[in-house]
Amino acid sequence: MTVGRQAAEHEPIARVLPMLTVPHLDREFDYLVAAEMSDDAQPGVRVKVRFNGRLVDAFVLERRSETDHTGRLGWLEKVVSAQPVLTHDVRRLVDAVAARYAGTRADVLRLAIPPRHATVEKKPPVPLDPLVAAEVDAAAWSAYSGGAQFIGALRDGRAARAVWQALPGDAWAARLAEAAAVTVHAGRSVLAVVPDQRDVDRLAAACGELVDARRVVALSAGLGPSERYRRWLAVLRGDARVVIGTRSAVFAPVVDLGLVLMWDDGDDSLAEPRAPYPHAREVAMLRAHQVRCAAVIGGHARTAEAQALVRSGWAHDLTAPRQTVRTCSPRVIALEDSAYAQERDAAARTARLPSVALDAARAALKVDAPVLVQVPRRGYVPALSCARCRTVARCRHCTGPLSLASRDAAGAVCRWCGREELALRCARCGSDAVRAVVVGARRTAEELGRAFPGIAVVTSGGEAVVESVPQRAAVVVATPGVEPVATGGYGAALLLDSWALLGRQDLRAAEDTLRRWMSAAALVRRRGDGGVVVVVAESAIPTVQALIRWDPVGHADDELEGRAEVGLPPAVHMAAVDGAADAVHALLDGAALPAGADLLGPVDLPVGVRRPPGVAPEHPVIRMLVRAARSDGLALAAALRKATAVHSARHDHEPVRIQIDPLHIG
């Protein structure tokens, strides 16, 4: 024992979890607690411990009277803060997420608990008046079958779970705020997870109208470190009753959680890009299951994963009757671009629109209603190809796609390395003529400005995002996800270049396309008020039919059936193992995979997927897929987690990356 240190009299052993990055050290270690640290070194606090000769961060998990360790114990070096930041519920959630995604608890904790800001932590909290319960008018939920019963369950504190299909034109933020307010006034707290800052702001404003605004806390990555930590502490201390945020907020230490809300779970931004790559939807539903609280997944469209929850009986369907859906939705027309090539007038040729689409836009503009034009890509001409043989134009240096930044650009620019190509020549046929593969938002806005002289053209996309537009004649060109809200709704919406969305070689191409279309179409006035949506696509395509019928549930059901037939998530669990070939094969050879698990591959890592960290640039990177039955998901993750720990301890191979049920398989 170190001279001058005396162990605490009561429970002198602290079991801690060091924040180490290597998988084989993802376990607890026992340390002695000095008497002078005993009061502060409580479960959940941050500490410093000496590990392998260096100081590392750690969390105290528990205090003990005895240790299982047979050797000599080291001492806790420092209690960083006496504030317990790792609560019991969050610790359980961290353990479960690490097990579900074959990751380490240290990686999950980095997602769950923000860095400490000492100045903020030392400030005493401002006392708040007791929350006064008030009656909430949630009559709008009666438009949905079972909506009134769902609100009643929230008032009674029951763990009702639902997948909610929001009606087009319905104020989704207001509906979720009503559900949140009912839960708060019943004495419980609410956690809401949304895709981006625009949605955070919208939902926070709606909740602030029904609940004391001081009890509503918004968490997002855009906040500075001090402000984010201040708000996070307000949640930890129980001052916040409604917590709204983006994906990392799903771990917020909400006190007495009664309802978990999630909006638009198909958005890619809800998938965490850092290890162990959890999806916020899965974490949110796992959390609702652990604490036995109510949960809602809402959206205009529906993912196959959400439909799987309904089919399994874990969640109920919350949809409106078909007649109500038909009344509230706009009229949808599908036009195949080539079929109308001969009918176009001069303005239609200029705007790359069939005449029928142009007429719908003109009709809306005549009554001073804005027109929304959705374009899949931002920029001017984001992709080029050979005009003769249609080969995609690629950079000579890195093989990245070439694009045009503007009409007056001297040459094409690579979207990967940024090099400029002044003289384009096709590598296959030698032609120097190029054509646009897809036209971007800026080019589309330029063309529409010529087609509608005297009409204002507004562009929303990239860093120039427009939140809302007034009720006046204007053409709004936007990329998916950043469409401005129009006061009174858009008179028409034109959905262009649909093949650029539907033609992607991606598991979720059809699902994601319908989600983007419906999000835009939901901003359009109902058909009784003249609202029209024109999608330039072949009407026989099932995704187009789902939009015409406004049937996201049927589309999600078909997606789920199709994935079950070919053995893809969510019908099964699938792990993607990326890394150098010898490392991947060594890890999988040593993994005790569940009986019946299939190995698929290897294939070269798909283009656009980042290389696993730590893999030497000269080593080729492959991907192997491991597929297991739905019931074997935890066993698959456990086997890969154990194999990764062994792989890490041996130090004879480069690291590998494991993603369970990745959003994009290839």
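Helices (H or I, at least four residues) and strands (E, at least two) are DSSP runs, numbered from the N terminus. Leu219 has Gly245 of strand 9 as its bridge partner. Strand 8 is covered on both faces, with Val216 and Ala218 buried on one side and Val217 and Leu219 buried on the other; buried here means under 20% relative accessible area, exposed means over 50%, and partly exposed lies in between, for a 1.4 Å probe and protein chains only.

This is a predicted model, in which local features need pLDDT of at least 70 and side-chain atom pairs count only at pLDDT 80 or more, while totals for chains, interfaces and linings use all residues. Residues are numbered from 1 along each chain as its sequence is written, and side-chain values use heavy atoms, with hydrogens and water left out.

Seven strands form an open sheet in the order 8-9-7-10-11-6-12, with parallel pairing. Its edge strands, strand 8 (216-219) and strand 12 (316-318), each pair on one side only. From one strand to the next, the twist averages 20 degrees; axes are lines fitted to C-alpha atoms, for helices over the stretch in contact, and angles run from 0 to 180 degrees between N-to-C directions.

## Salt bridges

The structure holds 44 salt bridges, each defined as a side-chain nitrogen of Lys or Arg within 4 Å of a carboxyl oxygen of Asp or Glu. One of them joins the side chains of Arg158 and Asp156 at 3.3 Å, N to O; Arg158 is partly exposed, at a relative accessible area of 48%, whereas Asp156 is exposed, at 56%. Another joins Asp212 and Arg214 at 3.1 Å, N to O, and here Asp212 is partly exposed, with a relative accessible area of 28%, as is Arg214, with 47%.

The side chains of Arg515 and Asp267 also meet in a salt bridge, at 3.8 Å from N to O. This pair links distant parts of the chain, 248 residues apart, with Arg515 in helix 15 (residues 509-521) and Asp267 in the loop between strand 10 and helix 8. Arg515 counts as buried at 11% relative accessibility, and Asp267 is buried with a relative accessible area of 16%.

## Surroundings of Thr303

Thr303 lies in the loop between strand 11 and helix 9 (304-312) and counts as buried at 4% relative accessibility. Leaving aside residues up to four places away in sequence, Thr303 touches Asp265, Gly266, Arg281, Glu511 and Ala556. The side chains of Thr303 and Asp265 are joined by a polar contact of 2.7 Å, a term for a pair of N or O atoms within 3.5 Å in which, within protein, one must be able to donate a hydrogen and the other to accept it, and for which residues adjacent in sequence count only if both atoms are side-chain atoms. Although Thr303 and Glu511 are 208 residues apart along the chain, their C-alpha atoms are separated by 6.7 Å.

His573 is placed in strand 26 (residues 572-580) and is buried, with a relative accessible area of 8%. Its side chain makes a polar contact of 2.7 Å with the side chain of Asp661. Beyond residues up to four places away in sequence, the residues that His573 touches include Arg100, Gly633 and Leu636.

The axes of helix 1 (residues 88-100) and helix 19 (residues 633-650) come within 8 Å and cross at roughly 85 degrees. The two helices, helix 1 and helix 19, are therefore roughly perpendicular to each other, given that angles under 35 degrees count as roughly parallel, over 145 as roughly antiparallel, 65 to 115 as roughly perpendicular and the rest as oblique. Ala98, Ala99 and Arg100 of helix 1 make the contact with Leu634, Ala637 and Arg641 of helix 19.

Notes
Two strands pair if DSSP finds at least two bridges between them. Contact means heavy atoms within 4.5 Å.
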